[in-house]
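Here's a quick briefing to read with the model open beside you. Take the topics in any order you like.

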Amino acid sequence: MQGKRKSMPITVNWSDLEIAFERNSPDQESFLDLENGDLLSIVEGEPDAAARRVPASSREQYRWMERFVSSVSDQALRERLLIAIDGKGAFRRFKDVLLAFPAERERWFSYRSELLHFHIQTWLDHMKIDVGNQPPWGHVAQPSEPAEIPRVVATGEAPGEILRRQARELLDEIPAAELPPALAFLEFLRDRGPSSLLGTSTPERRRTSIEEGDDADIDAPALGAR
C-alpha cells in the first residue's frame, strides 16, 4: 500500500532498518511504512520499486570493499583479498579470508558500519522522513576514505589476472584428449560455489553470514519507503 508522508514523526526500529539496508537479496526488497515505521519485505516487482532504492546498493557496497582492500598494509593479505573480490561471490570470499585476520576484520566491520549508518542517515534526509527516535549510533559525519597504500606489482597484472593467465597456460599444455576431464573438474569447482576451497561452514562463518547477510549480485534492490 502506498502511504502518504505525514508531518508527525514516526518511530523507527533502527536494528531492522540497518538489516534492511545491508540486505543484498536480488529478489527481495524492503519498504519503510511511513504510517507506523514498520519494515516490510516484499518480492521484487513493485511498479515504483526502482525509483525508491536505497543509495547503498550492492554495487556501492562493493566499492566500499575495494577501498578497504586498498588500505590493507599487509601485502600478502591484500593480494589474497584482491583475488577474493574478483568475480561472483566476492562478498562471501572476502569475509572468509578476513576470518583468519581478526584485527583487519574488526577494522572492516567498523569502516562498513560507519558507511552504512551514513547512508541510512542520507537516505532518510533525501526522502524527507521525520523520525521521532534518534538512532543509537547518533549523528554520523561523512566518513573519510581509508588511506590507500601503494601496491607493489612486478608484472603490472592484478592477482586474479595472473591466476587466470597461469590457468590458460596450463590448459594450452594439456593434450586435447585430456581436456574433457580437466574441463569437467573446472565446471565442478564453478558449480560448487565460491567457497569450495575453504572447507565446510564453521560456526564462525555461519555467525558472519547472519551478521552480514548472503552474497548478492551487483545492483540488487534494498530499501524503499511506502
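Predicted model: local features only at pLDDT ≥ 70, side-chain atom pairs only at ≥ 80, totals over all residues.

**The chain as a whole**

- You'll find eight helices and three strands in the chain.
- Going along the sequence, they come in the pattern α-β-β-α-α-α-α-α-α-α-β.
- The chain has 226 residues, and 36% of them are buried.
- Take the contacts between residues at least 6 apart in sequence: 72% of those join residues at least 24 apart.

**The second largest pocket**

- This pocket has a volume of about 220 Å³.
- Which residues line the second largest pocket? The lining is made up of W14, H117, Q121, L124, D125, I129, V131, Q134, P135, W137, G138 and H139.
- By type, the lining splits into six nonpolar residues, five polar and one charged.

**Where α2 meets α4**

- Helix α2 (residues 58-69) packs against helix α4 (residues 90-98) at an angle of about 35°, and the two axes are 11 Å apart.
- The α2 and α4 crossing is left-handed.
- On the α2 side, the contact uses S58, Q61, Y62, M65, F68 and V69, while α4 brings A90, F91, F94 and L98.
- Sorted by type, the residues of this contact come to eight nonpolar, two polar and no charged.

**A look at Y62**

- Y62 sits in helix α2, and Y62 is among the residues there that meet α4.
- Is Y62 buried or exposed? Y62 counts as buried because its relative accessible area is 19%, and the cut-off for buried is under 20%.
- Y62 and A90 are 28 residues apart in sequence, yet their C-alpha atoms are 8.4 Å apart in space.

**A look at K128**

- For background, most residues other than glycine have a negative phi.
- K128 counts as exposed because its relative accessibility is 70%, and the cut-off for exposed is over 50%.

Key. Residues numbered from 1 in each chain as written. Heavy atoms only, no water. 1 Å grid on protein atoms, 1.4 Å probe; cavity = no way out; pocket = protein on both sides within 12 Å on 5 of 7 lines; lining within 4 Å. Points joined across faces, edges and corners; volume = space filled by probe spheres on them. Nonpolar A, V, L, I, M, F, W, Y, C, P; charged D, E, K, R; others polar. Axes fitted to C-alpha atoms, helices over the stretch in contact; angles between N-to-C directions. Helix = DSSP H or I, 4+ residues; strand = E, 2+ residues; numbered from the N terminus. Left-handed = near helix turned anticlockwise from the far one by under 90°. Contact = heavy atoms within 4.5 Å. Buried < 20%, exposed > 50% of the residue type's maximum accessible area, 1.4 Å probe, protein only.
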